[in-house]
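Student: I am new to this structure and would like to understand the words used for it. Could we take them one at a time, with the cut-off behind each?

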Amino acid sequence: MAKASASSSGKSKPAAAKTTPKPDDGDNFALRSLQEALDKQKRFKADNDQLLHFYEQMLLIRRFEEKAGQLYGLGLIGGFCHLYIGQEAVAIGLQSALDNDVDSVITGYRDHGHMLAYGIDPNVIMAELTGRAAGISKGKGGSMHMFSTEHKFYGGHGIVGAQVSLGGGLAFAHKYNEDGGLCLAYFGDGAANQGQVYETMNMAALWNLPIVFVVENNQYAMGTAVRRSSAETEFYRRGTAFRIPGMEVNGMDVLEVRQAAEIAFAHVREGNGPVLMECNTYRYRGHSMSDPAKYRTREEVQEQREHHDPIERVKKDLAAVGVDEDKLKEIDKAIRATVAEAADFAETSPEPEPSELYTDVLVEEY
Ligand SMILES: Cc1ncc(C[n+]2csc(CCOP(=O)(O)OP(=O)(O)O)c2C)c(N)n1
Ligand SMILES: [Mg+2]
């Protein structure tokens, strides 16, 4: 009755205005405080040596991946192979801010760059790609399943989104063991729609775990563009339901990524619980080597390469502080030689013995 009379009078207020509580300013501030800190100073103040090191590391990933693409084309790499070209600034910006004595990292199958960011020998990474005994996973993991527990790098996972829950476990271990470390858990924009990601966020926030969730938003999940798959494309907002502060970062600028890492890691290390960081980036190559990439135009890729390339950007920064072009060429030459040597090693070193089929299957012997 009341409803009918209200509508007939034409004076009813919209339902949302009556029921939506005002956001709490305190909570709101806490969820945006890291973004505000980043907005105040967007780029890390690197000295010339640090800048050169970022350049060198990103270029190593680029050249390594180009070579891996060639070896794949020659049939020397079997199975899947997902290249990281275009996304280099994300792994380098973040991992350069880690404390490698205590912090852990976990990611999906697009993992070569994250391994190289540790300074792990390119020979053993390339040898893993070609399935050789000298590979970092003894040639039995391949492109998607690389591990280095020595560096606290826990893979290399082929199941989309699974690494996020495992990352929650790593963060739990940091807290339980009181080792002062944090876990950096990377996942893609596609993985961000997996249910287990949010179960992990809930538990991580509830238990105040030291974890930084990083969405590497490269705009596509296989052939599906973000806007076709995701109702909320601003991934940094997705922690709001769990009171996890979000940060939106230009993943094509290594200095911005590094600055965001400084802010996020300090927050986590102070015992404030998880952070969700979205790094906006772009993959230049197909999803994997077998992707014909018909879901986007050449012009779109070209636009990113020409105007947003992370390596070109750092080159401009280096030029601005007076680093000579010849010096950069020299570095490129040395990197090409390192990568050529890694490819030779990966082609010529022996395959695992057949008996290796029966090892590393179970943790213990039964
Ligand atoms: C649970 C699961 N579902 C589906 C797949 C198949 N798959 C492999 S990669 C991928 C897309 C993931 O995209 P995104 O998370 O954006 O990561 P990106 O490849 O862009 O780095 C899919 C659906 C899978 N490996 N695991
Ligand atoms: Mg993606």
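Tutor: Let us begin with contact, a term that applies when the C-beta atoms of two residues, placed from the backbone, lie within 7 Å of each other. Helices and strands are DSSP runs numbered from the N terminus, where a helix (H or I) needs at least four residues and a strand (E) at least two. This is a predicted model, in which local features need pLDDT of at least 70 and side-chain atom pairs count only at pLDDT 80 or more, while totals for chains, interfaces and linings use all residues. Residues are numbered from 1 along each chain as its sequence is written, and chains are lettered from A and ligands numbered from 1 in the order in which they are written.

Student: What covers the buried residues of H14?

Tutor: The cover includes H4 and H7. The buried residues in question are Ile335, Val339, Ala342, Ala343 and Ala346, where buried stands for 20 or more other C-beta atoms within 10 Å of a residue's own, exposed for 12 or fewer, and partly exposed for what lies in between, with C-beta atoms placed from the backbone.

Student: What makes Leu60 count as buried?

Tutor: Leu60, which lies in helix H4, has 25 other C-beta atoms within 10 Å, and is therefore buried. Not counting residues up to four places away in sequence, Leu60 touches Leu116 and Ile335. The C-alpha atoms of Leu60 and Ala117 are separated by 9.1 Å, although these residues are 57 apart along the chain.

Student: Which residues of H8 are buried?

Tutor: They are Gln163, Val164, Gly167, Gly168, Leu170, Ala171, His174 and Lys175. An α-helix has 3.6 residues a turn, so residues three or four places apart point the same way. The face of H8 turned away from the buried side carries the exposed residues Tyr176 and Asn177, while the cover of the buried residues includes strand S1 (104-106), strand S2 (183-188), helix H9 (195-206) and strand S3 (211-217).

Student: What makes Tyr186 count as buried?

Tutor: Tyr186, whose place is in strand S2, has 25 C-beta neighbours inside 10 Å and therefore counts as buried. Leaving aside neighbours within four places in sequence, Tyr186 is in contact with Thr107, Gly108, Val214 and Glu216.

Student: Why does Asn208 count as partly exposed?

Tutor: Asn208 has 14 C-beta neighbours inside 10 Å, and so counts as partly exposed. Asn208 is found in the loop between H9 and S3, and its phi is near 55°, a positive value in a residue other than glycine.

Student: Which residues are closest to ligand 1?

Tutor: Of the 13 residues that surround ligand 1, the closest are Val160, Gly188, Gly190, Ala191 and Ala221, a residue being near when its C-beta atom, placed from the backbone, lies within 6 Å of the molecule. The shell divides into six nonpolar, five polar and two charged residues, where Ala, Val, Leu, Ile, Met, Phe, Trp, Tyr, Cys and Pro count as nonpolar, Asp, Glu, Lys and Arg as charged, and the others, Gly among them, as polar.

Student: How do you know that the protein chain is as compact as a globular protein of its length?

Tutor: The secondary structure of the protein chain comes to 14 helices and seven strands. Its radius of gyration is 23 Å, close to the 21 Å that the globule rule gives for 366 residues, so the chain is as compact as a globular protein of that length. The radius is taken over C-alpha atoms, and the rule is 2.2 Å times the number of residues to the power 0.38.
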